[in-house]
Amino acid sequence: MYCGAVEFVCSPSAVSHIPVLLDECMGFLRPEQGGAFADLTFGGGGHSRKILDANEENVLMAMDCDPDAGKRAEEMALKYGDRFRFVDSAFQNLDRSSSPEEFDGILLDLGISSFQLSQASKGFSFRLDAPIDMRLDPREGMSAAEFLETASRESLVRAVRDYGEEKRWFKVVNAILDARGTGELQRTLSAANLVAKAVGGVRARQRIHPATKTFQGIRIAINGELESLATVLPKAFHSLKVGGVLAVISFHSLEDRIVKRFMRKMSGRPEHRGDKSFMDERVCVAEMIKSKAIFPSKNEVLSNPKSRSARLRLLRKKSSPRFL
Ligand SMILES: C[S@@+](CC[C@H](N)C(=O)[O-])C[C@H]1O[C@@H](n2cnc3c(N)ncnc32)[C@H](O)[C@@H]1O
C-alpha cells in the first residue's frame, strides 16, 4: 500500500494554492517601500496579492501561460484596477511585454500550482484518472501522451533519468517503449501503474508514489521548463532597474543549478567548479544577496508539505550590462 501523504487532491473548487517562502520573498523584494513589480508565475496570485497589498502605490505585472490563471487574474483586476496588469503568455516572452529597467522586483516561483495538480483534465496527477496531458499551456505543444508514444529513446532517457532523477530509469524507459500502441500511455492512472510496476511496485513506508519522479521528468520535458528558465533569466535581469531584486524559487536541482550559475555569472563569480575564467574576463553587474539558497522553515514544511523542496535565490542588480 502507498503510505505517503505528500500530495493531496480534492475537488478543484475546494483547492487553494499556498504561496511558498512568502515572507522570505517579501523580506528581500521589499514591496512596502513602493515600486513596480513583476510576478512571472502568477498561479493563484498569492505572491502578487501580497506585493500589491504592501503599498497602495505598487503596480504589478503578472504573467502565466495557463489560461485558467488568466481567469483567476480577472478577479485581481477587479480589485486592484490599473495597478494590476496580467499578460497571458509564457514568461520567456517577457521582453515582448516589458521595457528595460522597468521593475524594482521580479519574482519567479517555478513549477505548477495546486490548482493545476488538482484539476484532472490537466492530466498532471497520477491520482486522478484522465488523459495524460501535462501541458502548462494546453493551447501549445505536445501532450505527455503524444510524447510517450513518439519520443526517441534518448528523449525518454533525458526525461526519466535526468529530469525525473529516477534511479530505475532504464526499466521505466523500456516499459514505456514496450507499451507503445497498447493504450496504457494514454491516461494518467494506467501510465502511473506501468511506471510503478517497472520500478518494482509500491513499497510500504515509501514517502512518495513510485511514479512521482517519472511524472515530474515528463512534465519538465514536454514543457521545455529548463530551456524556458535559461531564456527568461537574462530577460528578467534586463527588465530590472539598477538596485532591483530578482527572486527565484525553484523545486528541482537542475532548475536551481541554472539559477545559481546565472546569478554567479552576473555577480562576477566562477559559474561552477570547472570555471577557469579569470576575474577580469567576467562581468560583475550584480550581487548575490545570499550566497546560499534559502529553504522553507520547519514550520512552513509542516504546514505546507509541498514547500519541502523549494529553495529561493536572490540577486540585486548593480549596473546594466552592455550585453548578456
Ligand atoms: C508554483 S505556481 C505559482 C504560484 C504563485 N506564486 C502563487 O502563489 O499562487 C507556478 C505557475 O507558473 C506558471 N508557469 C510555469 N512555467 C511558466 C512559463 N514558462 N511561462 C508562464 N507561466 C509559467 C504555471 O502555469 C503556474 O501557474
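This is a predicted model: local features need pLDDT of at least 70, side-chain atom pairs count only at pLDDT 80 or more; totals for chains, interfaces and linings use all residues.
Biologist: Is L246 buried or exposed?

Modeller: The cut-off for a buried residue is 20 or more other C-beta atoms within 10 Å of its own. L246 has 29 such atoms within 10 Å, so L246 is buried.

Biologist: And how far from I258 is L246 in space, C-alpha to C-alpha?

Modeller: In sequence, L246 and I258 are twelve residues apart. In space, their C-alpha atoms are separated by 14 Å.

Biologist: Let's turn to helix α8. Where around the axis do the buried residues of α8 sit?

Modeller: Helix α8 covers residues 169–179, and its buried residues are W169, V172, V173, A175 and I176. They cover an arc of only 160° around the axis, so they lie on the same side of α8.

Biologist: Which helices do those buried residues pack against?

Modeller: Just after α8, by the way, G181 takes a positive phi of about 85°. As for the packing, the partners of the buried α8 residues are α6 (144–150), α7 (153–163), α9 (188–198) and α10 (212–222).

Biologist: Nice. Now the ligand: which elements give two or more residues to the shell around it?

Modeller: The ligand is surrounded by 22 residues, and the closest are P19, T41, G43, G44 and G46. Two or more residues of the shell come from each of α2 (46–54) and β2 (59–64).

Biologist: How many residues of the shell around the ligand are charged?

Modeller: Sorted by class, the shell has eight nonpolar and eleven polar residues. The charged residues in the shell number three.

Biologist: How far apart are the C-alpha centres of the two domains, domain 1 and domain 2?

Modeller: The domain assignment gives domain 1 as 12–114 + 245–317, and domain 2 as 137–222. Their C-alpha centres are separated by 29 Å.

Biologist: One last thing: what radius of gyration does the protein chain have?

Modeller: The protein chain holds 13 helices and seven strands, and its C-alpha atoms fill a box of roughly 55 × 50 × 40 Å along the principal axes. For 324 residues, a compact globule would have a radius of gyration near 20 Å. The protein chain agrees with that, at 20 Å.

Notes
Residues are numbered from 1 along each chain as its sequence is written. A residue is buried if 20 or more other C-beta atoms lie within 10 Å of its own, exposed if 12 or fewer, and partly exposed in between; C-beta atoms are placed from the backbone. Helices (H or I, at least four residues) and strands (E, at least two) are DSSP runs, numbered from the N terminus. The arc is that of the directions from the helix axis to the C-beta atoms. Two residues are in contact if their C-beta atoms, placed from the backbone, lie within 7 Å. The radius of gyration is taken over C-alpha atoms; the globule rule is 2.2 Å times the number of residues to the power 0.38. Domain bounds come from an automatic or database domain assignment. A residue is near a molecule or strand if its C-beta atom, placed from the backbone, lies within 6 Å of it. Ala, Val, Leu, Ile, Met, Phe, Trp, Tyr, Cys and Pro count as nonpolar, Asp, Glu, Lys and Arg as charged, and the others, Gly among them, as polar.
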